[in-house]
Amino acid sequence: MEREDADGRFLALPHPPPPGEQTVWADVSPLLNAACNDLQDGELIHGENFSLFAAMSALEIMDPKMDSGMENRGYRSVEEAIENGAAPIPLSSDGTTDVQCSIDVMDHLLACEATWHKGHSLAQTVFSCIYLLRLERTSSHALLHSYCRIIRTTCNAVISVVSDARTHEEEDLFTMAYGLPLKGEGDEKCLSMLHAVEETLSRQLRACKAPSSKKKVFEDIDPLQTNTDLEEGYCKALLCRIRFRKHFYHALVCMRKPQGRGLELARKHLALCQSELACVSRSVEFLRSNAYGSCLDDVEDSTTASGCKPVGFDVSLNSRLSAPTPPRSIRLLSWKKAIEYFEKLLHDLDVICSFSLDPLLESVLHFVVQFQKSQPDLVARSHLQLLLVQEGKLYGRDPFYDVISRAIALPDVIRNQELEKNEFVVQLGQLVINLLKILCTNASWQRRKLGKILQDWSVTSIQLDLALKREFGEIPNISADENICLKLSRLLLIWAEEQTYWIASRFLMLGFDLELYSSSEYCMVYWYLYVVFIKLLEKVQLRIAGSTDTTKRKGKKKKDQNDVIRDARISPSILFIQCYLLLSEGLAMMLAALKAQHTVFQRPSVFNSEQERFLQHFELLQKAHVPDRISYLLFKESTLRANITTVMKYNYFGDAQRISKELRRSFSGDPDKLCELRQIEQVAEYNQIALNVIHQAGAHDSSLKVSLEFRHHPCFAVVTVKRN
């Protein structure tokens, strides 16, 4: 036994302390041995009192963001570093040229910036540059001075975006300045300074390319270095780096313009950024072949294109100067990884700028979900959130009461009745704002917050239902002579419940992306998805039925409720959900049938029971009553008698495959939906084949090896069957 003394040391005790009245001692060695044998890399123990949040908050050894380590090397002050020649002006030393050193500083700053975007502190990345800490020292070096100013201004723009979007909670170090000189007098002129340097370099490049007869025109231009054969290469390397910074800053500024007015211009700057970044990548061969001094043999890990170590940087300097700065030892992204990061960032920003700003909420939600599939980083997601929600309006122009009225297809007669003052419309508008913000966070934060916001949507739906019954009583159908308030309340209730079940389905499917489910738990997850999709399908049908009934009242022949619901059933959106429902139900029943005959789907846990795991995975859904009266006992009753013959009889996968093929024409103009339909079709087809093989082999054929793969769809598994 051990105990901790007052100094924090652990001391061995010869004997355990005497047990109290309710204390029971047990040997946990077998339990720990079982855990070691059962757990794979990356898996966590899910105990009753140890939630996923607690596991994620635990210390992760050797992760630089959680296990800080210590960096004690380096200078004690900026002045000491400068006195020891750590940041010389001019930059050249040891046979290197000033232009080569300048390019190395630019490249290293790019690696620092990318590392900062990935969540490390600004103090230990970008502001490890001594030239940025003492920017006045570079005033005599126009190239370096203008470049450092544009870097500092860009950092300010990025911090502003992330702070305004309030997504910095994900990376709590991102926006912390630690008292660093983030703003300075004259920063507003950074673009004009950079433009002047660009003009000078452009003239120098033209001088290099000019024929000998025209050399006299450029005699007043000083060369960048002494070797005339290398002058053109260095000019191009500098120009593409400077132009990239210029266009990147322009793109960030344009994307912040209200109501999306700058998106078209931002796309032009982003295209130029991508072009210049490609030139930066191509300059690597020239810079490596002409590098001077001591350079790294393994340039893959270098933070510069040349492979040389840059001057003017000290990672540990700010940890001594700023008390709040964590004294962490971090590893910067390599120059190559930094280029890859910015290539992806530019692509993600371009996707955001290409969005048509559709006022329909369904289209907005679809766009955000599709965008998140590419796993965009913090900066891109912050820009998306600020585009979607501005001053409490969608894109800063569409009030959310108007967005909701479009979503439920309200007729004009209801829209004109001061809809924005309706108590429930105001509540739902705020919930939609919160939902959009949550969907722009990373996957783990998104899932946790979606689980919590479910209760808000559920409570609002309950309040709407109670108010409806209190005001109008139990009215089964919407008749032609209903008053406006009743019609509005019913449509709002149906729509709010629809969104609640959509959030629940998103919550469950994100668990696959985060790999939160084990193979023995897939059956209960697909079963819960199935019951959620049933309710979602029901609510969508009712909403479409209500809107169809409202819009067709002016016709000569009035359709009854059954006709309207039949129209709703053939809607492409209804059939799309039907595909998900069939896949979920088919997989749940198939896995339940396989549980009895294949141990890979059983895997009993010594830590908690199946019922405990059910409660852990669906606790937030159960608290929100989504759906109501769903329990572990109902899950067991629904899957208890499942067998392969029954699954074959109901033909879940065959129906899903057939519907997905029929839907291709309906979504011919939507590449995202077509891709999803192809994935659904492949999952259904391969599962149908596996089902036939298992059925023909017999339920007790022990020679079959059955496993699950997610090679066609990230959420819906494919059962593979092989013979041992």
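By salt bridge I mean a side-chain nitrogen of Lys or Arg within 4 Å of a carboxyl oxygen of Asp or Glu. Both residues sit in helix α15 (residues 400-407), and because they are four residues apart there, about one helical turn separates them. Arg406 is partly exposed, with a relative accessible area of 24%. On the wording: buried is under 20% relative accessible area, exposed is over 50%, and partly exposed is in between, with a 1.4 Å probe and protein chains only.

Before I go on, a word on the source. This is a predicted model, so local features need pLDDT of at least 70 and side-chain atom pairs count only at pLDDT 80 or more, while totals for chains, interfaces and linings use all residues. Residues are numbered from 1 along each chain as its sequence is written, and side-chain values use heavy atoms, with hydrogens and water left out.

Now the overall picture. The chain has 27 helices and seven strands; these are DSSP runs numbered from the N terminus, with helices being H or I of at least four residues and strands being E of at least two. There are 724 residues in the chain, and buried ones make up 50% of them. If you take the contacts with a separation of 6 or more, 74% are between residues 24 or more positions apart, where contact means heavy atoms within 4.5 Å.

Back to salt bridges. How many does a search of the whole structure find? It finds 31 salt bridges. Arg397 and Asp398 meet through their side chains in one of them, at 3.6 Å, N to O. Arg397 is partly exposed at 36% relative accessible area, whereas Asp398 counts as buried at 10%. Another one joins Arg629 and Asp628, at 3.6 Å, N to O. Here Arg629 is exposed, with a relative accessible area of 72%, and Asp628 is partly exposed at 42%. There's also a network: Glu497, Lys535, Glu538 and Lys539 are joined by salt bridges that share partners.

Next, the sheet. Strands of a sheet pair through backbone hydrogen bonds, either parallel or antiparallel. In this model, three strands make an open sheet in the order β3-β4-β5, and the pairing is antiparallel. Two strands pair if DSSP finds at least two bridges between them. At the edges are β3 (389-390) and β5 (398-399), each pairing on one side only. β3 pairs with β4 (residues 393-394) over two bridges, and Val389 stands opposite Leu394 in β4.

Most residues other than glycine have a negative phi, and most peptide bonds are trans. Glu391, in the loop between β3 and β4, has a positive phi of about 55° although it is not a glycine. Is Glu391 buried or exposed? It counts as exposed, at 79% relative accessibility. His625 also has a positive phi, near 55°, and is found in the loop between α23 and α24. That loop, between α23 (610-623) and α24 (632-639), holds Pro627 too, and the peptide bond joining Val626 and Pro627 is cis, with omega about -15°. There's a cis bond from Ile89 to Pro90 as well, with omega near -5°; Pro90 lies in the loop between α3 (78-83) and α4 (98-117).

Last topic, the aromatics. The whole structure has 30 aromatic pairs. Rings of Phe, Tyr and Trp (its six-membered ring) pair if their centres lie within 6.5 Å; planes under 30 degrees apart are stacked, over 60 edge-to-face, and the rest tilted. Why is the pair of Phe512 and Tyr526 stacked? Their centres are 5.4 Å apart and their planes are at 25°, so the pair counts as stacked. Phe512 is in helix α19 (residues 484-513) and Tyr526 in helix α20 (residues 522-551), so the pair ties together parts 14 residues apart in sequence. Both Phe512 and Tyr526 are buried. Trp527 and Tyr528 pair edge-to-face, 6.2 Å centre to centre with 90° between the planes. Trp527 is buried at 2% relative accessible area, and Tyr528 is buried at 0%. Ring pairs also link a cluster that has Phe512, Tyr526, Phe533 and Phe710 among its members.
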